[in-house]
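Here are a few exercises to work through with the structure open beside you. Try each task before you read its solution.

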Amino acid sequence: MYKAYILTISDRSYRKEREDGSGVKAIDILENAGYEIAGYEILPDERDMISNKLREIADESLASVVFTLGGTGFSERDVTPEATEDVLEKNAPGISELLRRNGERSILSRGVSGLRKKTLIINLPGSPKAVSESLSLIKEVIKHGLDVLSGNVRDCAKEGK
């Protein structure tokens, strides 16, 4: 069982002006897929706060995977991809490329994915519908990546197979 950490990035939810339906949806989907929820927080659209939290989760091995929800669009306040890029050590662009091919509006997402230490970080769009569609698409396949990252399965690419 892998540990997942959910970070909802939303000024309005952070200020308690709007309920966070996306975070609740993500927790439900991930728990049903066999993930343990290591943590859940709501942060404002503040680059330093986001990147500091991502560093903390990865550097302290609090979770195998972090899903950020929101802050990936075209708004001036949308800084989640930049905050994520500030902490990544390796990119995993295929995940975000697949997510962008998932629907008409998803091409507008600027989300990124990658690794810091032994933690996979994935930016998802913020709406409950987008979270549901995105997690349904990737929740199982990323388990293989987490297996390789954690050393639970050999990496055939390294062995030339």
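**Exercise 1.** Work out the strand order of the open sheet of six strands, and find which strands stand at the edges.

*Solution.* Start by listing the strands, which are DSSP runs of E with at least two residues, numbered from the N terminus, just as helices are runs of H or I with at least four. Next, pair them up: two strands pair if DSSP finds at least two bridges between them. That gives the order β2-β1-β3-β6-β5-β4, with mixed pairing. Finally, look at the ends: β2 (36-43) and β4 (90-91) each have a single partner strand, so one side of each has no neighbour in the sheet.

A quick note on what you're looking at: this is a predicted model, where local features need pLDDT of at least 70 and side-chain atom pairs count only at pLDDT 80 or more, while totals for chains, interfaces and linings use all residues. Residues are numbered from 1 along each chain as its sequence is written, and side-chain values use heavy atoms, leaving out hydrogens and water.

**Exercise 2.** Describe how β6 pairs with β3 and with β5.

*Solution.* Take β3 (residues 65-69) to begin with: it runs parallel to β6 (residues 119-124), and five bridges join the two. Along this pair, Val65 sits opposite Leu120, and Thr68 faces Asn123. Now turn to β5, which pairs with β6 in the antiparallel sense over four bridges. Here Leu115 has Leu120 as its bridge partner. The β5-β6 hairpin has two residues between its strands, and Lys117 takes a positive phi near 55° there.

**Exercise 3.** Are the residues of β6 buried or exposed?

*Solution.* Buried means under 20% relative accessible area, exposed over 50%, and partly exposed in between (1.4 Å probe, protein chains only). By that rule, six of the six residues of β6 are buried.

**Exercise 4.** Find how helices α2 and α6 are arranged, and which residues make their contact.

*Solution.* Helix α2 (residues 21-32) packs against helix α6 (residues 128-138) at about 20°, with the axes 8 Å apart. Angles under 35 degrees count as roughly parallel, over 145 as roughly antiparallel, 65 to 115 as roughly perpendicular and the rest as oblique, so α2 and α6 are roughly parallel. For the contact (heavy atoms within 4.5 Å), α2 supplies Gly21, Ser22, Lys25, Ala26, Ile29 and Leu30, and α6 supplies Pro128, Val131, Ser132 and Leu135.

Conventions
Axes fitted to C-alpha atoms, helices over the stretch in contact; angles between N-to-C directions.
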